[in-house]
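User: I'm new to this structure and would like to learn how to read it. Could you walk me through a few features?

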Amino acid sequence: MEELKHFINGTYVAGTSGRFSEVRNPATGEVIAKVPLATPAELDAAVEKAAAAQKEWAKVNPQRRARIFMKFGALLNENMDRLAECMSREHGKTLPDARGDVQRGLEVVEVCMGVPSLIKGEYTADAGTGIDLYSMRQPLGVVAGITPFNFPAMIPLWKMSPAIASGNAMILKPSERTPMTSLMLAEIFKEAGLPDGVLQVVHGDKEAVDAILDNETIQAVGFVGSTPIAQYIYGRAATNGKRAQCFGGAKNHMIIMPDADMDKAADALIGAGFGAAGERCMAISVAVPVGKETADALIERLVPKIEKLKVGPYTAGDDVDYGPVITAQAKERIEGLIASGVEQGAKLVTDGRDLNIQGYENGYFVGPTLFDEVTPEMEIYKEEVFGPVLSMVRKDSYEDALGLILDNQYGNGTAIYTADGDVARDFVNKVEVGMVGVNFPIPVPLSYYSFGGWKKSAFGDLDQYGPDAFKFYTKTKKVSARWFSGIKDGAAMNFKSID
Ligand code: NAD
């Protein structure tokens with residue numbers, strides 16, 4: 001079994017804490033590696049080295065930094081299959097889905113190739129007599145990224161790319177459940193020419209995270225994970241005077257109007273509900289059909305599609321629709337929530353429990369589960385299931401369907417399927433959710449926009465990647481400069497408008 005190391009100053013460094021976490025292949029349950037969990041002292045030492053590297057990195061002009069991103073992008077493409085294989089092994093997702101994970105991260109790298117134009121300041125000549133006024137964007141220094149298990153390449157790339165392109169050094173603390181892909185990314189970035197120390201991968205759990213939050217050199221924290229941890233990290237980082245943007249969990253609804261194309265809506269629900277085993281923060285976990293006929297038409301279409309879904313290990317070929325969930329505990333939790341749905345009176349249409357895949361009896365597989373007649377009081381509705389479970393909450397009117405979403409504590413993603421432009425427009429305007437799809441089930445904005453939810457799905461200011469990320473990872477200096485030719489002498493005693 002492989003013993004993983006931290007990646008510090010461009011080289012692998014063994015952990016010294018003596019504490020490890022197991023990394024398992026979720027398709028087999030086998031332990032494939034053990035990952036060291038850093039102590040606060042190890043974290044602080046990595047930060048000190050990052051701070052030294054950052055001073056030099058900030059002097060590299062933006063165009064040269066952009067060239068490293070061009071090389072990085074090319075190498076990510078070249079290594080796509082290797083990255084996907086590594087990810088599928090530690091995460092369980094299918095190879096095509098894993099390649100998509102790299103691809104959506106790569107798109108953020110591509111935006112960073114334009115960093116010279118993205119961090120330009122502003123300039124007003126002759127703001128007053130002999131006065132020029134300008135602003136410039138400077139890096140923050142050392143920043144940290146704390147990432148979840150579910151997108152082992154994409155989310156670390158979302159974090160590290162804009163931060164590093166803007167001239168910062170990053171401490172990346174990946175999920176201890178999927179740490180290997182991050183190490184591969186760090187190696188590839190080094191090969192692209194990133195100077196040692198600008199990206200440090202420090203593994204760990206709460207102890208390392210708390211050390212990040214309390215370290216005085218770290219200026220900003222970008223977190224992605226579950227809501228309780230996002231809220232905790234936001235509070236502690238902010239108390240310690242850091243910038244923090246912390247993205248949390250979700251419960252994403254899709255409204256299906258009676259005039260929607262039912263075949264397309266059903267396909268969308270299958271992909272967005274069960275794809276990646278439902279382990280996406282943008283997964284649709286609640287279908288809200290308007291009217292009995294709409295609900296019945298959907299169930300009629302969904303059931304045969306669900307029965308055809310192929311669940312299995314990534315090694316079984318590209319026709320596998322989705323793989324296992326991440327851990328035995330996750331499987332147990334999801335199956336427990338399914339049991340609670342049954343107990344609390346929801347109608348179980350397809351049951352994904354007790355799925356047995358020959359040769360993979362120890363894998364953490366959960367079959368596609370569909371509930372009808374779910375109500376907002378049930379656990380299965382209230383909890384973020386983060387598994388292949390789709391709940392249907394029937395509503396009689398568009399207003400009631402919208403009201404359900406407005407009452408939900410989360411606001412990450414949502415969608416509406418309809419042929420009526422007026423209804424779609426009303427929905428887009430009124431819904432309290434950060435990312436909205438119209439006949440589009442997973443509305444993840446492209447890399448030149450920014451990604452972020454509302455309500456309990458995000459804490460802090462500004463979204464991740466896109467224009468917001470360059471604001472988050474830089475601070476603006478405002479300069480008023482005066483040159484004295486033609487200006488009369490004399491002290492200005494009062495605060496007044498500039499002449
Ligand atoms: P998680 O909250 O368990 O872990 C995320 C990170 O926090 C990991 O690096 C982990 O080591 C660390 N962590 C865990 N417990 C901690 C603690 N007590 N104190 C400090 N740090 C701790 O999340 P996960 O299970 O890895 O990921 C799934 C969650 O992430 C889901 O809720 C999903 O919706 C969410 N997610 C959100 C987005 C988004 O952009 N909003 C994107 C992807 C995933």
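User: Which residues does Thr94 touch, not counting residues up to four places away in sequence?

Analyst: Contact means heavy atoms within 4.5 Å. Here Thr94 touches Ser88, Tyr314, Val320, Asp321, Tyr322 and Gly323. This is a predicted model, where local features need pLDDT of at least 70 and side-chain atom pairs count only at pLDDT 80 or more, while totals for chains, interfaces and linings use all residues. Residues are numbered from 1 along each chain as its sequence is written, and side-chain values use heavy atoms, with hydrogens and water left out.

User: Is Thr94 buried or exposed?

Analyst: Buried means under 20% relative accessible area, exposed over 50%, and partly exposed in between (1.4 Å probe, protein chains only). Thr94 has 7%, so it counts as buried. Thr94 sits in the loop between helix H3 (80–91) and helix H4 (95–112); helices (H or I, at least four residues) and strands (E, at least two) are DSSP runs, numbered from the N terminus.

User: In what order do the seven strands of the open sheet come?

Analyst: Two strands pair if DSSP finds at least two bridges between them. The order is S15-S16-S17-S14-S13-S19-S20, with mixed pairing. Strands S15 (347–350) and S20 (435–438) are at the edges with a single partner strand each, so one side of each has no neighbour in the sheet.

User: How many bridges join strand S13 to strand S14?

Analyst: Five bridges join S13 (residues 252–256) to S14 (residues 284–289), and the two run parallel. Met254 stands opposite Ala287 in S14.
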